[in-house]
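Subject: Structure handover

Hello,

Here is the structure you will be taking over. Please open it next to this email, and read the notes below as you go.

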Amino acid sequence: MKGLLPVLVAGSVLFAGGTAPPTAPPRGVESEGFQNGNTRELVLRHSKIRITGDGAKGGKSDGYQLKSPCWYEPGLDAEKMLAFMSDARANASRIQRDEEGFNAFIKQFKDKVGQPGLWWTPAYNAGDPKGAACWAGLELFVFVEPNATPPSGITFQELAEVARAALTVPQGTIKLNPDASSYVNLPTFVWLEDIGQPRRTVTATLPGVMSATVVATLSDIKIKAGTDRAEVVEKGCGASGKPYAKNAEFTCGVRYERASIDQPRQVYELTVTSVWPVAVTGGAQNVQFDPVQAQVTRDVPVGEVQSNVKP
């Protein structure tokens with residue numbers, strides 16, 4: 001890519017400055033995306049997309065990646081783009097060094113004055129290893145007529161994918177009864193706590209253009225006992241499991257059939273996966289995503305009840 005790049009950026013969450021040419025349209029902040037441990041899932045560069053919603057923080061991402069790591073976004077009209085790119089004061093040093101080259105560069109913007117349409121510029125997800133290379137293969141400026149989208153121009157589907165990539169859900173905490181340890185053939189009730197609100201939303205917005213919202217709603221849990229020597233009961237778990245209650249029917253949990261004394265750490269590793277189906281709102285298109293699934297584990301020591309039989 002050659003020439004000057006207008007950085008039209010705005011974002012949220014973690015912020016960092018980007019690279020800007022001597023002249024560029026007014027800029028906001030550049031989103032460094034969403035941090036999941038040591039892995040950044042979404043790092044918007046040179047983008048105007050704004051991320052909002054309770055689902056963009058306080059949870060765990062499932063690592064969803066955008067299908068395309070780079071795209072064009074609509075920007076300024078012909079008159080405004082020319083005004084920003086040809087500002088004499090901002091470009092004084094460049095004009096002094098190479099006035100002929102600068103004038104040649106500006107000509108592409110002058111030629112579009114009076115024509116309806118917008119200049120589109122490239123953006124990318126730096127959280128994807130292929131993002132920067134994809135961005136480098138796009139043109140710096142593409143002038144597009146009204147009500148048209150250029151090849152690789154962002155669509156509602158792709159904006160919804162950005163919102164989906166920003167979506168996080170709480171893992172929760174596994175609760176058991178009995179709690180400290182279980183016993184062979186004893187029903188062990190399983191449920192999740194610390195989930196908070198069972199509905200999470202994220203909205204990705206291109207200001208003045210369009211927005212897409214993804215909504216994740218906790219629907220159920222899946223239980224893995226950590227061994228084949230157990231019966232998993234999931235006939236009445238509900239959205240987050242069934243807490244123990246006196247005389248309650250055992251409809252959600254595990255019944256271990258063998259003690260864990262012969263296991264490497266003398267415990268079974270119980271896994272609970274919460275399932276969050278995702279719906280999309282904000283556009284006429286039918287966009288669908290697989291559910292978000294969040295796993296959490298807990299060690300379960302299982303013993304045997306010893307009894308003495310007297311004659």
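First, a term: a residue is buried when its relative accessible area is under 20%, exposed when that value is over 50%, and partly exposed in between (1.4 Å probe, protein chains only). Two more terms follow at once. Helices (H or I, at least four residues) and strands (E, at least two) are DSSP runs, numbered from the N terminus.

Now the ground rules. The model is predicted, so local features need pLDDT of at least 70 and side-chain atom pairs count only at pLDDT 80 or more, while totals for chains, interfaces and linings use all residues. Residues are numbered from 1 along each chain as its sequence is written, and side-chain values use heavy atoms, with hydrogens and water left out.

**The whole chain**

The protein chain has five helices and 21 strands. It runs to 311 residues, and 44% of them count as buried. Contact here means heavy atoms within 4.5 Å. Among contacts with a separation of 6 or more, 69% are between residues 24 or more positions apart. The chain exposes about 15900 Å², with carbon and sulfur atoms supplying 48% of that. Accessible areas come from the Shrake-Rupley method with a 1.4 Å probe; for residues, only the protein chains shown count as cover.

**Helix α3**

Start with α3, residues 99-110.

Which residues of α3 are buried? They are F102, F105, I106 and F109.

Take I106 as an example. I106 sits in helix α3. Its relative accessible area is 2%, so I106 is buried. Leaving aside residues up to four places away in sequence, I106 touches L82, M85 and S86. I106 and M81 are 25 residues apart in sequence, and their C-alpha atoms are 10.0 Å apart.

Helix α5 (residues 156-166) is mostly covered, with nine of its eleven residues buried. Among them are F156, L159, V162 and R164.

R164 leads on to the salt bridges. A salt bridge is a side-chain nitrogen of Lys or Arg within 4 Å of a carboxyl oxygen of Asp or Glu. The structure holds ten of them.

- D62 and R164: their side chains meet at 2.6 Å, N to O. D62 lies in the loop between β6 (50-52) and β7 (70-77) and R164 in helix α5, so the pair ties together parts 102 residues apart in sequence. D62 is partly exposed at 34% relative accessible area, whereas R164 is buried at 3%.
- K130 and D128: the closest N and O atoms are 3.4 Å apart. K130 is exposed, at 54%. D128 is buried, at 5%.
- E231 and R255: the closest N and O atoms are 2.6 Å apart. This pair links distant parts of the chain, with E231 in strand β16 (residues 230-233) and R255 in strand β17 (residues 253-256), 24 residues apart. E231 is partly exposed at 35%, and R255 is partly exposed at 22%.

**Backbone points to check by eye**

A cis peptide bond joins N177 and P178, with omega about 5°. P178 is in the loop between β10 (173-177) and β11 (182-183).

Two residues other than glycine have a positive phi. For N185, phi is near 70°. N185 is in the loop between β11 and β12 (187-193). For N247, phi is near 65°. N247 lies in the loop between β16 and β17, and N247 is exposed at 74% relative accessible area.

**A surface patch**

Y183, L186 and V305 form a nonpolar patch on the surface, with about 270 Å² of accessible area together. Patches are made of residues with over 30% relative accessible area and no salt bridge; like charges are joined within 9 Å, and nonpolar side chains (Val, Leu, Ile, Met, Phe, Trp, Tyr) within 5 Å. V305 is in the segment after β21 (302-303). V305 is exposed, at 64%.

Best wishes
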